[in-house]
Amino acid sequence: MSEPPQNDAAAATEEPEYQSGFGNHFSSEARPGALPRGQNSPLICPLGLYAEQISGTSFTAPRKHNQRSWLYRIKPSVTHKPFDRRVPRHDRLVGEFDRSTSSATPTQLRWRPADVPDSPVDFVDGLYTVCGAGSTFLRHGYAIHMYAANKSMDNCAFCNADGDFLIVPQQGRMWITTECGRLFVSPGEIVVLPQGLRFLVDLPDGPSRGYVAEVFGVHFQLPDLGPIGANGLAAPRDFLVPTAWFEEKFHPGYTIVQKFGGELFVAEQDFSPFNVVAWHGNYVPYKYDLNKFCPFNTVLIDHGDPSINTVLTAPSDKPGIALLDFVIFPPRWLVSEHTFRPPYYHRNCMSEFMGLIYGVYDAKADGFLPGGASLHSCMTPHGPDTKTFEATIAHGMDADPFRIKNTMAFMFESYLIPRVCPWVLDSPYLDCDYYQCWIGLKSHFSGEGSDRTGGAQQDEIMAVKGD
Ligand SMILES: [Fe+2]
């Protein structure tokens, strides 16, 4: 068992041991014999531990969706004083998206990367909601948050009763200690922390920044692959789940910070909640390295829809329609012939929030920076900026295969229309001139036929019509 990393900036940055797979029924014990054999809740658990179940789905959810884990711990998590509203209140988290908390706007929005504050801020206080839809209480909807923090959480753990967090770090690595064990997460990786699981975030690099998607009432799953077949996109075995890790410490004044209905509550206890000596189940935190993604796309003509690069999806009740998809735009070859290769201009019934982890996104020559973000809501037009369009057209029909390198953009996409929080609409990081990137698009209409339109296939079509 390696040393705990908490609150030690020089903490080890070696990866702990993980288990591999997605949706498995995992099991792990930090002490041999700690897991009960043959049953979940023996009268006396091995090593004198308490048995405690955490249910991520209702008891009666169909077996293929049912998620729960059994935790065997030194003291049960109920051992704490009553919850009180946290003081000071966190006034930039939203769990109910309505007129009282957020605004509707169809305008294309873009933000420059936020500076990490100079004053000490941990992950919880550095977290702020950008936009979202629905309600944590009604168990339907999502929130998109960002964070800018510089300090490890101290003598406290966070518990999000509202939904699953999918965290996309953009700057700064994270040690995330959970009840199931520890994960070391670097920019370029993502981590999913399921609803209700207690965790703490240590920031060994200090200044840190990133994005968080939170889904209410549903969990992330791997997308179906359809005609792609049995392999491709994110492989189940590349998802990493912690192994059991515990500490038995007297922690006077230790605080559980619980997000409940978008508000923060606190409860004191005098021991670490990371006291799970063994566990088994399929309700687990996990991480994934986006560089392991196996992207697919067109190999002859046209531009695939971005859904082709879905890493994880949180489904709605409607088949094929996501409450929230997590899609990436990783390094890849562009090879299509006589095709406009950057993303096409479009309007979408789905709403699209984008972030950039590193590099340059191929639809925006400038202005969309690592750590920044954009939001194109339902039916709001968007697409490549003027500079990208003109540069692409200038290449002409004979563009060689081209490898997009050193970039990682992503999108959170939802069929629910997000309302936007006031602090990001009033933010000094809001790019008020975003619309200017398209204003310069000029008419190329000539009024006459041109061999620039359609290329070889158009010639074939015309030949057929001529017959
Ligand atoms: Fe789009």
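Student: Which residues does the UniProt annotation "domain: Homogentisate 1,2-dioxygenase N-terminal" cover?

Tutor: UniProt positions are given in the numbering used here, feature names are shortened, and annotations may be inferred rather than shown by experiment. In this case the unreviewed UniProt entry assigns that domain to residues 17-290. Residues are numbered from 1 along each chain as its sequence is written. The model is predicted: local features need pLDDT of at least 70, side-chain atom pairs count only at pLDDT 80 or more, and totals for chains, interfaces and linings use all residues.

Student: What is the helix and strand content of residues 17-290?

Tutor: Helices (H or I, at least four residues) and strands (E, at least two) are DSSP runs, numbered from the N terminus. The span 17-290 is 1% helix and 43% strand, and its end C-alpha atoms lie 19 Å apart. The protein chain as a whole has five helices and 28 strands.

Student: How is strand pairing read, and what is the order of the nine strands in the open sheet?

Tutor: Two strands pair if DSSP finds at least two bridges between them. The order of the nine strands is 1-16-20-13-10-15-8-7-28, with antiparallel pairing. Strand 1 (18-20) and strand 28 (419-420) are its edges, each pairing on one side only. Within this sheet, strand 8 (residues 140-149) and strand 15 (residues 208-216) run antiparallel and are joined by nine bridges. Histidine 145 stands opposite valine 212 in strand 15.

Student: Which strands form the open sheet of four?

Tutor: They follow the order 2-19-4-3, again with antiparallel pairing. Strand 2 (26-29) and strand 3 (50-55) are the edge strands. Strand 2 is joined to strand 19 (residues 276-281) by four bridges, and serine 28 faces tryptophan 279 of strand 19.

Student: Which residues touch the most other members of the largest nonpolar core?

Tutor: In soluble globular proteins, nonpolar side chains tend to be buried together. A nonpolar core is a set of buried Ala, Val, Leu, Ile, Met, Phe, Trp, Tyr and Cys residues joined through C-beta atoms within 7 Å; buried means that 20 or more other C-beta atoms, placed from the backbone, lie within 10 Å of a residue's own. The largest core here has 106 residues, and Tyr72, Leu166 and Phe410 touch the most other members. Leaving aside residues up to four places away in sequence, tyrosine 72 touches several residues, including Ala34, Leu35, Val276 and Trp279, where touching means C-beta atoms within 7 Å. Across the protein chain, buried residues make up 40% of the 467 residues.

Note on methods
A residue is buried if 20 or more other C-beta atoms lie within 10 Å of its own, exposed if 12 or fewer, and partly exposed in between; C-beta atoms are placed from the backbone. Two residues are in contact if their C-beta atoms, placed from the backbone, lie within 7 Å.
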